[in-house]
Amino acid sequence: MKLQAKLDAFRANFEAGGPPFNAPAFIHEPMHRATAELIASGAANRALKAGDKAPEFVLPDADGTMISSKELLKRGPLIVTFYRGVWCPYCNMDLQEIEAALPELQTFGAQLVAVSPQTKANTRRSVKENNISFKILSDLGNEVAAQFGLRFTLPDYLQDLYKNVFKNDLAINNGESSWTLPMPARYVIGSDGVIAYAEVNPDYTRRPDPEELLPILQQLQAAKV
C-alpha cells in the first residue's frame, strides 16, 4: 500500500472517531478550517522550488551533534524532509515509510535528514518510537524552515484546540513560544546545492511517496557520469 493510501485510511478512521484517538466530532471543523486557510494563503507557492538554491544549515541531531548540510552534500545528494513533530501521527507514518525506503534511496548515494521544530528530547522520541536510522534534526523556532519558505503560525483558535483539547502545548514541545510549524515538505538537493525536487503541501494529511524520489536521484547520478 502506498503512503498516501495509508494516510487516507488513518484519516478516515480518525474522523470517524475510531481508536486509538477516539476524537470528538467537534474538533474536525476548526482543523479543516485552518488547513483551508493555509491553502488559500498561497504560502506553499512561496516556498523554495526546484531550480532554487538551497539554504545551507547546521542543526543539532537527537544527541546534540551539529549536522551540516554543506558537509552532507560532499557525500552525495541530500534529501531533506520537514515534519511537524512526534505528536503528529501523519508525520510518524511518513517517517516510517521513508525508513522503509532508505536502503533503495541510499543506492544512489543519497544522504537523508528529517527536520522538525521539536526539542532534542522529542527528537529522541521520534527516533525511538519510529525506529529511525537516519538523522532527525531540531530546528528551534523553525528558522531553517523559514529559509525554505515553510514556516507558518497556527491561528489562535487552533492553538487553543491543541493546548486545551489535545494537551499538545507546542511552546513546551518545541521549547519556544512562537506556535509556528513547517508545512510538510520533501526536498532533494544536488551536490551543487541546487534543489532538484520539491514537494510542499499545506495539507498535513498529504505526503509524497518516497518512491517519487528515485527517478530524481537516478537523474542526478547520471548527470555526474
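These legends describe close-up views of a predicted model. Residues are numbered from 1 along each chain as its sequence is written, and side-chain values use heavy atoms, with hydrogens and water left out. In this predicted model, local features need pLDDT of at least 70 and side-chain atom pairs count only at pLDDT 80 or more, while totals for chains, interfaces and linings use all residues.

**View 1. Strand β3 is enclosed by the rest of the structure.**
Strand β3 covers residues 78-82. Strands (E, at least two residues) and helices (H or I, at least four) are DSSP runs, numbered from the N terminus. All 5 of the 5 residues of β3 are buried, so the strand is largely enclosed by the rest of the structure. Buried means under 20% relative accessible area, exposed over 50%, and partly exposed in between (1.4 Å probe, protein chains only). Both faces of β3 are covered. L78, V80 and F82 are buried on one side, I79 and T81 on the other.

**View 2**
Two strands pair if DSSP finds at least two bridges between them. β3 runs parallel to β4 (residues 111-116), with 5 bridges. Here T81 stands opposite A114 of β4. From β3 the chain crosses through helix α4 (residues 89-106) to β4, in a right-handed β-α-β crossover. Right-handed means that, with the strands pointing away from the viewer, the path from the first strand over the helix to the second runs clockwise. β3 also pairs with β8 (residues 185-189), in the antiparallel sense and over 5 bridges. In β8, R186 is the bridge partner of T81.

**View 2. β8 and β9 form a hairpin.**
β8 pairs with β9 (residues 195-200) in the antiparallel sense, over 5 bridges. A185 stands opposite V200 in β9. The hairpin has 5 residues between its strands. G193 takes a positive phi near 85° in this hairpin.

Side chains of opposite charge can pair when their charged atoms come close. A salt bridge is a side-chain nitrogen of Lys or Arg within 4 Å of a carboxyl oxygen of Asp or Glu. The structure holds 12 salt bridges. One of them joins E15 and R11, at 3.0 Å from N to O. E15 and R11 lie 4 residues apart in helix α1, so about one helical turn separates them. E15 is partly exposed at 31% relative accessible area, and R11 is partly exposed at 25%. In helix α2, E29 and R33 are also 4 residues apart, separated by about one helical turn. Their salt bridge has its closest N and O atoms 3.1 Å apart. E29 is partly exposed at 46%, as is R33 at 33%.

E143 forms a salt bridge with R151, with 3.4 Å between the closest N and O atoms. E143 has a relative accessible area of 47% and is partly exposed. R151 is partly exposed at 36%. D94, R186 and R207 are linked in a network of salt bridges.

**View 3. F26 belongs to a nonpolar surface patch.**
F26, V165 and F166 make a nonpolar surface patch of about 260 Å². Patches are made of residues with over 30% relative accessible area and no salt bridge; like charges are joined within 9 Å, nonpolar side chains (Val, Leu, Ile, Met, Phe, Trp, Tyr) within 5 Å. Accessible areas come from the Shrake-Rupley method with a 1.4 Å probe; for residues, only the protein chains shown count as cover. F26 sits in the loop between α1 (3-15) and α2 (28-41). F26 counts as exposed, at 53% relative accessibility.
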